[in-house]
Number of protein chains: 4
Amino acid sequence: MIVVMDSSASRAHVDAVVRRIRDLGCDAHVSVGRSRTVIGVVGDRSRLTPDIFDSLPGVSHTMRVSAPFKFVSREFQPAPSVVTAGSGDAVARFGAGHFGVIAGPCAVESRDQLFRTAERVASAGAVMLRGDAFKPRTSPYSFQGLGERGLELLAQAREEFGLPFVAEVVDPRDVPLVASYADMLRVGTRNMANFPLLSEVGRARKPVQLKRGFTATIDEWLQAAEYIFKEGNHDILLVERGIRTFEQSTRNTLDVSAVPVLHGLSHLPVLVDPSHAGGRRELVLPLAAAAVAAGADGLMVDVHVDPSSAKVDAAQAIVPDEFDDLMEVVSRVRQAVAV
Amino acid sequence: MIVVMDSSASRAHVDAVVRRIRDLGCDAHVSVGRSRTVIGVVGDRSRLTPDIFDSLPGVSHTMRVSAPFKFVSREFQPAPSVVTAGSGDAVARFGAGHFGVIAGPCAVESRDQLFRTAERVASAGAVMLRGDAFKPRTSPYSFQGLGERGLELLAQAREEFGLPFVAEVVDPRDVPLVASYADMLRVGTRNMANFPLLSEVGRARKPVQLKRGFTATIDEWLQAAEYIFKEGNHDILLVERGIRTFEQSTRNTLDVSAVPVLHGLSHLPVLVDPSHAGGRRELVLPLAAAAVAAGADGLMVDVHVDPSSAKVDAAQAIVPDEFDDLMEVVSRVRQAVAV
Amino acid sequence: MIVVMDSSASRAHVDAVVRRIRDLGCDAHVSVGRSRTVIGVVGDRSRLTPDIFDSLPGVSHTMRVSAPFKFVSREFQPAPSVVTAGSGDAVARFGAGHFGVIAGPCAVESRDQLFRTAERVASAGAVMLRGDAFKPRTSPYSFQGLGERGLELLAQAREEFGLPFVAEVVDPRDVPLVASYADMLRVGTRNMANFPLLSEVGRARKPVQLKRGFTATIDEWLQAAEYIFKEGNHDILLVERGIRTFEQSTRNTLDVSAVPVLHGLSHLPVLVDPSHAGGRRELVLPLAAAAVAAGADGLMVDVHVDPSSAKVDAAQAIVPDEFDDLMEVVSRVRQAVAV
Amino acid sequence: MIVVMDSSASRAHVDAVVRRIRDLGCDAHVSVGRSRTVIGVVGDRSRLTPDIFDSLPGVSHTMRVSAPFKFVSREFQPAPSVVTAGSGDAVARFGAGHFGVIAGPCAVESRDQLFRTAERVASAGAVMLRGDAFKPRTSPYSFQGLGERGLELLAQAREEFGLPFVAEVVDPRDVPLVASYADMLRVGTRNMANFPLLSEVGRARKPVQLKRGFTATIDEWLQAAEYIFKEGNHDILLVERGIRTFEQSTRNTLDVSAVPVLHGLSHLPVLVDPSHAGGRRELVLPLAAAAVAAGADGLMVDVHVDPSSAKVDAAQAIVPDEFDDLMEVVSRVRQAVAV
C-alpha cells in the first residue's frame, strides 16, 4: 500500500502517517521527491484498509500495489512520468510523448574528440550529450576514463552546444562529484544491482539513467529502480541495452520486447541503447529503428568522429554522417507509429 | 568453392564437372534447383583454382565461399533471393523488396474458425494464410492437429479467398502429403535440426519456411537452411520467432537483431513471427512494427476470430480488428524505413 | 489419473476401462508395456473418483498424478525403475542400485577402430558399447556415419566382446532397422522434441536412451519421455549431456543438479555423458566423478583408440588408458556416496 | 610480462624497474603483496625482452603471460596458491591440498541463532564460519542485515568456537569496518564487476572470497580477481555458486565444470557454494559431493538451526544434522578422488 501526501503536506503530517503505520505493525518507507512525498507500507497489511489513512491530515489518497516494485509501478501511477534533465536553454525531456536522442562518444578522450562529436550530434537534433569520465572495464588494464577532467570537458561542451549531458557514476563516493557537473547520472549495466550506489544516486538531486543489467530480468530491473525512487529521486530513465544469451553474432541480444513490457508495468520512460546492444556499427540504425517502432521514449547512441581511434567500444560507434541518417529514419518511424 | 552451371547446361555437363571435382580428391554436392544447378566442392581445396572449372562446358562461373553455409551465403549470391509461393491469382512473394504478411490461426480447428479468420485476414491485406494441420506439442496429451482434414480445409479456404497457404510438416513421411496440398511447407522451431526432415523438404517442389530453433545460433540456422538448399530446394524463407533466454516475462525473446545480421550473411528472405516470440497478444503489434523497422521481408501473425476458444497458443492470437490495426501500422513503418 | 491393470488383465478388461473413461467424457491413453498395462486419463476429471475404476475387473489400482508427465513421474511409480539392455551373457542394467558405464567411439569409423576400442572398454569394466552409425551433424558437409554397415560392425563387436550396444536413430523410418541390430536405441539431443521419432521408438521393443535437448528444461524432457512411455515402451534411460549457456569455455554446461532433481521427479534411471557436456578431454574424468557423486545411475563416455584421427568430436574422446583411470575413480566415488 | 621481485628487494629496486618499464613506453602495475612484490607490464611489449629486467637489482625473474588475467594465471604461477584465514588457533587453509568447509547461516539474525549454529558446524568439522551482516537484496524492502552489530556477534562466536569467519562487504566505504572484524571478506555475486569495491578489498589486509557473478564467464571472473590482486591482495578464493540459465527447477545452475577449468587457468583455490547454486535444501548434499568429486578446494554451506524462521534464503539452508551427514559424505568423496 502507498500513501500519497498532498503537495501541501507538512513534515508533521508525514510523521503522523508514519507513526500510524508503525502502530499497525508495519514498516514505512518515506520517499520525499521534488514534487511530492509518497509513503510505502511494507509488512503484514492484513489489518490495513485505505480509509485508515485517508482521513489523516495532509493525505491525498491511498493505493494498493501488489507488484514488488511499488513506487515505480503503473498500479501506483497510471500516467506515464516525464523526466527532465538540464535547465535554461539546455533541457531534454523523456516520456509521456516526449522523445529524445542522447548521443556522443562512449568515453571522453580529449577536448577535440568531444567537441567535434558534440557539434555534429547537436546539429543533427540530439537533445542530450553522452560521454563518460569514469568507465567500468572488465580488465583492470583497460582505459578507465579521464576522471574529473572529463567532467570539466563535458560541462564546457554543454556551454558551447547547449546540450545537457549524462555521465556514468561507478562508485558511491563519486556521486556528489559527478552530480555537481552532470545533468543526469548513469548507473551502468554492471552496477544495476549495486545497491549502495543505487541508494546514493537516489539521494542525488539529478535524474538517473538506470541501464538494465545484461543478465537482469525485467522484474529485478524494476526493483533496482525502486531502490532509487525510495530514497526520494523520482526522475528515473530505464535504458534497455541488450541481454546476455547464447547467440554470439551480436555483443548482446537487444530485448526489444522489454519496451512494451515495461510500458505495461511501470510509469517510467524507457530508452534503448542500440550501440551496446548490437556491438556492431552496421546494426545501430536497424536496431534504433526497431526500438522506436516498439515505442521507446528515446535512444542513446555512441557517436565518434573517428571510431578507428576510439579507446573504448570502437566497433559500435557510428560516425556523424551515419548519425544524420539515423536521426532522419528515426523521425519517420516515430511518425509512423504515433497514433 | 561453388560451381554455378549455365541454365542451358545438360546432365552430361554436370557429370563432367563432378568427375573433375572427384579426380581432384574432393566431394561434389550437386543441387539441382528449379532455375539453376549449382555444385558445392568440399574437401581439401588446396589444389583447386576457379579456372579449372571455368573452361568446362556448361559452367557459368565459379565462386569461392568461406562460410560453412555455402549455398545460402551472400558470398555465393550477393543479390537477395525472391521466394514465390502459390500460383495463378493466389501468389505471394517475399524478399528483394517484396514484403508480405502471412496470417491465420495457429492450428486449424474447424471450417468455421478457419474461414471466418481467412476472410478477415484476406480483406486486411495478408498475402498468405497460415493454419496447421499437424502440431508438434510439448505434451503428448495436447491437441495434435486435424491431420489431412485440416489440409483439405486450408485448400478450400485458398479457393474461397485467393490466399496460398503454408502448413507445418513434422514427420519426413508426411512431406509428400503436406506438399500435395500446401503452397509452402514449414519446418518448425523444434525441428530446425531434424536433418532427415530438412533433407526431405529439400527434395519437395514447394518453398519452405525454416523457423529458427529457439536455441539455435544464427550460424546453426543457416547450416540447417543449407541442408534444404543442398537437396535442390532453393526457395527458403527464414523465420525468426524468438530465442530462449533467462527472461520469463515473454514466452521467448525476439532477437530482432537477427534480421539485419541475416541480411548481411545470407541472400534468403527473413520473416519475423511476433506472435510466438512474445507469446502475449498485446506485444504482437509493437514487435511486428519493430521487425519491419529492422528490415524484415515479411511477418507471420497468429489471428483467431475467438482466441478464448483457441486450442493452441490462445494467449498470443490477436483478433481480426487488431490485425487491421497492425496492417496499417506495419504499412506506415515500411514506408518510413524504405530508402 | 492413471489406472494400473493387473498383470493378468485381458484385452477385454482394458477395453472396458477405456469405455468407462470415455463415457465419463475423458480421453484414455493406453500404454501396453512388456510387463504391465497402464491407462492414462486425460480431460475434465472433475467427475472421476478412483473407486469408479477400482471395482472393474482386471484393475489393480488407480493413482492420482498431478505432473504433466504422468507415466514417468514418481507420483505414479514411487519405486525406481530398472532398465535392462541385451540378453544372454551380454546384459546391462541401470537404475535402482544398478550402475553401469557405456563407452566407445562417438561414431563407428572402421572395424579396426571399433574393435580395438571395444576390447579395451570391455576389459576396463564397461557394461555396454556405444558407437553410432547415423550421426546428426550441424553441417551437411560433415561425416554422417557409416549407416547399416556400422550397425553390422557393432553387432560383430557385441559377439566378440560380450557387450550389448546402443546406437542413435535420427529418422523415424530407420527405427526398425536400428532396432533389429541394437540392444538400445538412442534419441539424441537435437531430436528430443522430434515427436514422430519419439512415438516410433515408443513402439519399438528395445529400451531407449533419451538425451536431454541442450536447451530443454527438465519438465520438457520428462514430457518427451512421456511420448515414448505412452506408446508402450517403458524402458527409458534419461541422459544429461550439458545445456547451452553463455559460458563458452566448455562446449556445454553440465547440469549436474539435474541428476538429483530428476530422481525426485521421476522413477527413470539417469545417466550422464561427461564427454559431450564438457567437450574437452581433460574434463571427462572430473565431470564423470561429479556425476557419480551426485547419484547418477551410469555414465556414457566417448573413448577412441586414436582421438587425433577421429572423424567426430575428436577433442572430447579419451584414450583407453584414461578410461582405465576413470573406471577406478568412478568405482571409488560410487562407494563413497553409497549409503 | 610480469617481473617478480626478490623478497629482499627494496622500494628503490621496485622504482627502478618501474622507471625502466615506462622508459620503454609501457605501463607498470605494481602489486605489493604480503610475501612478494610483482610488477605487471602492459602496453606495446614488442621492444621488451625478459633480459632487460633480469639484470636489474632486486629482480628475481620475469615471466611472459598471454592471458588477460595476468597475476592470477597459472602461466604466471604454476604452483597452486594456499589462502590462509584467521590466526592463532582459529586458522583455515584452502588450496594446494588444503580443503575446508565454511558453514553457517546466510545472514546473522540473532546471537542465539548464530551461536547455536556455530557450535554445531564447529563440532562437525567446519574450519570457518559464515554469516553476513550486510546483505545485498533484490528488493529494497527485504531484510538488509544487522550491520556492525552482526559483525560483533560473529567476532564473539569466533572467540567461543575457535572458527575464523567470512563476511560480505557490499559498499567500498564499509571495507575498513568489515575488515576490522572479519578474517576474510566476501565480494558477492552481484558485485563481481563492482570495480571500486574490488579495488578497495584489494587494498585490505584480509583474504577475499570472490563469488562468481551469476552471469559472468570464467574469463570475466578471473579478470575481476585480477583487480583485487593488482592492488596488492594476493589471497583470493574463487567461489562458484551457480549461473543463470533457462532452467527454472533450480535457483541457479551449478557450473561444476568451472572447478577443473579454473584449476587449469589459475593458481587460486576454488570453492563451491552448493546452497546458493541449487537453492533447495535437498540438493545441497548431492551438489556438495559433486563439487568435491570435481576437485573443489572447499565448500561454503548455509546451515541454520531453524530454517523455517530464516529471514534470508530459507529454502536452501540445511539443519545441523544434515550438515553432519554432508561432512561425512564429503570426507569419503575427498578420499575417493585423492590420488
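The dialogue below goes through a predicted model, from the fold of one chain to the contacts between chains.

Student: Since this is a predicted model, I would like to begin with the overall division: into which domains is chain A divided?

Tutor: Chain A is divided into domain 1, covering residues 2-63, and domain 2, covering residues 83-337. The C-alpha centres of domain 1 of chain A and domain 2 of chain A are 34 Å apart, and 5 residues of domain 1 of chain A are in contact with 5 residues of domain 2 of chain A. On the side of domain 1 of chain A that touches domain 2 of chain A, the classes are 1 nonpolar, 3 polar and 1 charged.

Student: How should I read the strands of chain A, and in what order do the 8 strands close into a barrel?

Tutor: The general idea is that strands of a sheet pair through backbone hydrogen bonds, in either a parallel or an antiparallel manner. In chain A, 8 strands close into a barrel in the order 7-8-9-10-11-12-13-14, with parallel pairing, and from one strand to the next the twist averages 25°. Strand 7 (residues 100-104) of chain A and strand 14 (residues 298-302) of chain A run parallel and are joined by 5 bridges, and within strand 14 of chain A it is A:M300 that stands opposite A:I102.

Student: Which strands of chain A does helix 4 lie across, and which strands does helix 8 of chain A touch?

Tutor: Helix 4 (residues 148-161) of chain A lies across strand 8 (128-130) and strand 9 (165-168) of chain A, and runs at about 170° to strand 9 of chain A. Helix 8 of chain A packs on the sheet and touches strand 12 (236-240) and strand 13 (270-272) of chain A, its direction making about 170° with that of strand 13 of chain A.

Student: How are chain A and chain B related, that is, what rotation and what shift superpose chain A on chain B?

Tutor: Two copies of a chain are related by a rotation about an axis together with a shift along it. Here a rotation of 180° with 0.0 Å of shift along its axis superposes chain A on chain B, at an RMSD of 0.0 Å, and that is the relation of a two-fold axis. The C-alpha of chain A nearest the axis belongs to A:A290, at 2.0 Å from it.

Student: How many residues does the contact take from chain A and from chain B, and through what surface do the copies meet?

Tutor: The contact takes 33 residues from chain A and 33 residues from chain B. Among the elements of chain A, helix 8 (258-265), helix 10 (284-293) and helix 11 (320-337) each supply at least two residues of the side that touches chain B, and helix 10 of chain A gives the most, with 6 residues. That side of chain A has 20 nonpolar, 10 polar and 3 charged residues. Because 100% of the interface residues of chain A are also interface residues in chain B, the copies meet through the same surface.

Student: What does the contact between chain B and chain C consist of?

Tutor: In this contact, 25 residues of chain B meet 25 residues of chain C. Helix 6 (195-203) and helix 7 (218-230) of chain B each supply at least two residues of the side of chain B that touches chain C, with the largest share, 5 residues, coming from helix 7 of chain B. By class, that side of chain B has 12 nonpolar, 6 polar and 7 charged residues.

Student: Finally, where does B:A96 lie, and is B:A96 buried or partly exposed?

Tutor: B:A96 lies in the loop between strand 6 (90-94) and strand 7 (100-104) of chain B, and its phi is near 55°, a positive value in a residue other than glycine. With 14 other C-beta atoms within 10 Å, B:A96 is partly exposed. In chain C, C:A96 has a positive phi of about 55° although it is not a glycine, and C:A96 counts as partly exposed with 13 C-beta neighbours inside 10 Å.

How values were computed
Residues numbered from 1 in each chain as written. Chains lettered and ligands numbered in written order. Predicted model: local features only at pLDDT ≥ 70, side-chain atom pairs only at ≥ 80, totals over all residues. Contact = placed C-beta atoms within 7 Å. Helix = DSSP H or I, 4+ residues; strand = E, 2+ residues; numbered from the N terminus. Nonpolar A, V, L, I, M, F, W, Y, C, P; charged D, E, K, R; others polar. Domains from an automatic or database assignment. Pairing = 2+ DSSP bridges. Axes fitted to C-alpha atoms, helices over the stretch in contact; angles between N-to-C directions. Least-squares fit on C-alpha atoms with pLDDT ≥ 70 in both. Buried ≥ 20, exposed ≤ 12 C-beta atoms within 10 Å, placed from the backbone.
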